[in-house]
Amino acid sequence: MRGMSVVLRRELGAYFGTPVAYVFLMIFLVLTGAVTWYLGNFYEMNQADLRPFFAYHPVLYLALIPALSMRMWAEERRSGTVESLFTLPITMGGAVVGKFLAAWIFIGVALLLTTTNWISVAFLGEPDHGIILAGYLGSFLMAGAYLAVGSLVSALTKNQVIAFVLSLVACLTLFLVGQAGVLEFFGLFLPENIVDWFSSLSLYTHFIAISKGVLDPRDLIFFVSLIALLLYANAVAIDYTKAR
Amino acid sequence: MIEIQHLSKRFGRLQAVDDLSLTVLPGEVLGFLGPNGAGKSTTMKMVTGFLRPDKGSIVVQGHDMAKDPIAAKACIGYLPEGAPLYPDMTPQTLLRFAARARSIPAEKQAGAIDRAIGLLELEGVRHQRIETLSKGFKRRVGLAQAILHDPKVLILDEPTDGLDPNQKDQVRELIRSMSADKVIVLSTHILEEVEAVCTRAAIISEGQLRFNGKPSELRENSRYAGAVELRFEGQAPADSFLTLSNLPGVERVEALEESDYHQGWRLFPKAGTPILHAVSDHVRSHGWQVRDMHVDRGRLDDVFREITRSGMAPSPRPSQPQPAQALAQEEV
């Protein structure tokens with residue numbers, strides 16, 4: 001992991017040193033606000049919780065996270081800086097994890113900025129703060145999984161647009177396999193245990209489980225091991241593609 | 001010290017580097033020459049640890065690149081081809097990043113950065129975003145990054161490409177000034193650059209080492225293109241200088257060695273005139289005892305082409321194209 005913190009710092013500097021960060025944060029805040037208060041029928045529900053807020057995160061992330069992750073490796077390879085990076089005395093693992101963590105921290109900052117919603121709810125009623133915290137945890141883990149997918153895809157192409165589209169499709173697939181409708185469709189011709197297995201691979205299923213406030217270690221292990229697996233594949237992919 | 005043993009690298013069907021062995025010692029400046037696509041950059045990318053070789057070993061300052069890449073990379077300063085840099089950083093933040101990545105102690109980082117910025121005269125653009133800098137400045141930022149940690153080994157892929165003549169001179173001067181205790185390898189398309197800064201030239205073509213020697217060897221070849229060297233048994237006959245000078249096709253005659261005891265002459269032909277037959281007829285008609293007579297081959301670019309184009313006879317054309325043109329023709 002040598003070089004991880006150095007790469008992490010550089011990447012965070014790159015996010016906040018360019019308009020990317022501020023445009024992204026603004027769009028994220030506007031969209032989360034809009035879907036919560038309008039699409040989510042926050043007022044009509046007349047309940048002091050943030051379920052409508054979190055319910056739309058997986059969908060918002062589908063567009064926003066590939067937009068963030070598309071440049072992670074594609075740009076390094078296109079501009080050739082990947083060569084400068086890997087001739088420094090740092091390890092592949094350090095670079096991959098450093099880049100990933102920087103992007104994840106960035107999402108974390110975006111999520112932190114949405115805690116105004118939490119304050120509003122606390123002001124309007126008496127929400128279950130544990131559930132809201134769990135919601136944030138679930139959302140953050142979900143974002144991490146999408147990011148790991150996006151980072152891997154970004155390592156496979158030099159073209160940011162291709163990286164964006166492929167990441168979106170990959171994340172959408174991981175999201176959809178857990179949707180009730182999709183599972184029913186597969187249930188028509190696949191045995192039940194295979195459908196269950198599909199469902200257990202879905203980000204959405206685990207996200208919902210965590211955001212209900214039930215912290216099952218299996219859900220946490222799912223996200224952490226998925227991210228770890230994707231980052232490992234990411235390192236292998238860069239090692240293979242960096243020369244091309 | 002860099003020790004390269006039987007290095008090979010293949011990309012698909014292209015054998016980029018083919019069984020290349022080379023050793024570079026401290027104090028040496030090795031000029032790496034070859035046509036585009038000869039394998040120069042690929043070799044440098046393997047020596048710096050960016051690419052893994054298919055076969056062969058690379059040992060840098062005693063560290064095997066395959067077994068201990070971190071230690072080996074720590075000894076190396078590298079300027080990749082085209083000097084790629086993060087466009088959103090400034091020279092200051094980029095050098096700070098490199099200093100941290102190279103684990104330069106925090107209290108020494110500022111000094112190392114100031115030194116590199118001073119050596120490459122980057123003070124004026126220190127806090128300017130790299131994407132707004134000119135090509136020459138970008139190249140110098142890349143060089144600053146390469147020399148930041150005062151490495152024992154410097155690998156520079158076309159360090160003067162894109163610089164104006166004054167900047168080229170500056171960079172060459174910088175390389176010369178650092179060369180005393182360092183191992184320096186630089187690649188270039190400019191043959192004259194090899195003479196200007198390198199103590200040794202290595203020419204590769206099709207991934208193979210074709211020439212490995214002093215630049216002066218190339219230089220001699222270039223000056224005496226087409227000249228006939230004539231060496232007598234014992235001292236040169238008294239009238240030989242004058243009569244040879246008057247031969248048709250002979251431009252001028254000079255002594256082979258600077259002394260009063262002349263053993264032979266070097267005869268420079270007028271442009272494009274083969275003079276070997278005229279000279280040998282002349283020698284025979286006078287009955288001189290000749291120990292050795294031969295035609296010196298090629299100019300610098302001529303030699304370069306001869307070396308890099310395997311199995312091809314040197315061009316019979318009297319006017320040779322410049323190296324850049326020769327390379328451009330090869331690309332077509």
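Let me begin with terms: axes here are lines fitted to C-alpha atoms, for helices over the stretch in contact, and angles run from 0 to 180 degrees between N-to-C directions. Helices (H or I, at least four residues) and strands (E, at least two) are DSSP runs, numbered from the N terminus. What you see is a predicted model, in which local features need pLDDT of at least 70 and side-chain atom pairs count only at pLDDT 80 or more, while totals for chains, interfaces and linings use all residues. Residues are numbered from 1 along each chain as its sequence is written, and chains are lettered from A and ligands numbered from 1 in the order in which they are written.

I start with chain A, where helix H10 (residues 129-156) and helix H11 (residues 160-176) pack at an angle of about 140°, with their axes 9 Å apart. H10(A) and H11(A) are therefore oblique to each other, given that angles under 35 degrees count as roughly parallel, over 145 as roughly antiparallel, 65 to 115 as roughly perpendicular and the rest as oblique. On the H10(A) side, the contact (C-beta atoms, placed from the backbone, within 7 Å) is made by Tyr146(A), Val149(A), Gly150(A), Val153(A) and Ser154(A), and on the H11(A) side the residues include Ala163(A), Leu166(A) and Leu174(A). The residues of this contact of H10(A) with H11(A) divide into eight nonpolar, three polar and no charged, where Ala, Val, Leu, Ile, Met, Phe, Trp, Tyr, Cys and Pro count as nonpolar, Asp, Glu, Lys and Arg as charged, and the others, Gly among them, as polar.

Turning to the interface, the contact takes 20 residues from chain B and 19 residues from chain A. On the chain B side, H3(B) gives the most, with five residues, and by class that side has twelve nonpolar, four polar and four charged residues.

Within chain B, consider Val141(B), which is placed in helix H5 (residues 135-147). Is Val141(B) buried or exposed? With 27 C-beta neighbours inside 10 Å, Val141(B) counts as buried, the cut-offs being 20 or more other C-beta atoms within 10 Å for buried, 12 or fewer for exposed, and partly exposed in between, with C-beta atoms placed from the backbone. Leaving aside neighbours within four places in sequence, Val141(B) is in contact with residues including Leu85(B), Pro91(B) and Leu94(B).

Finally, strand E6 (residues 76-79) of chain B has Ile76(B) and Tyr78(B) pointing one way and Gly77(B) and Leu79(B) the other way, and all are buried.

Key
Two residues are in contact if their C-beta atoms, placed from the backbone, lie within 7 Å.
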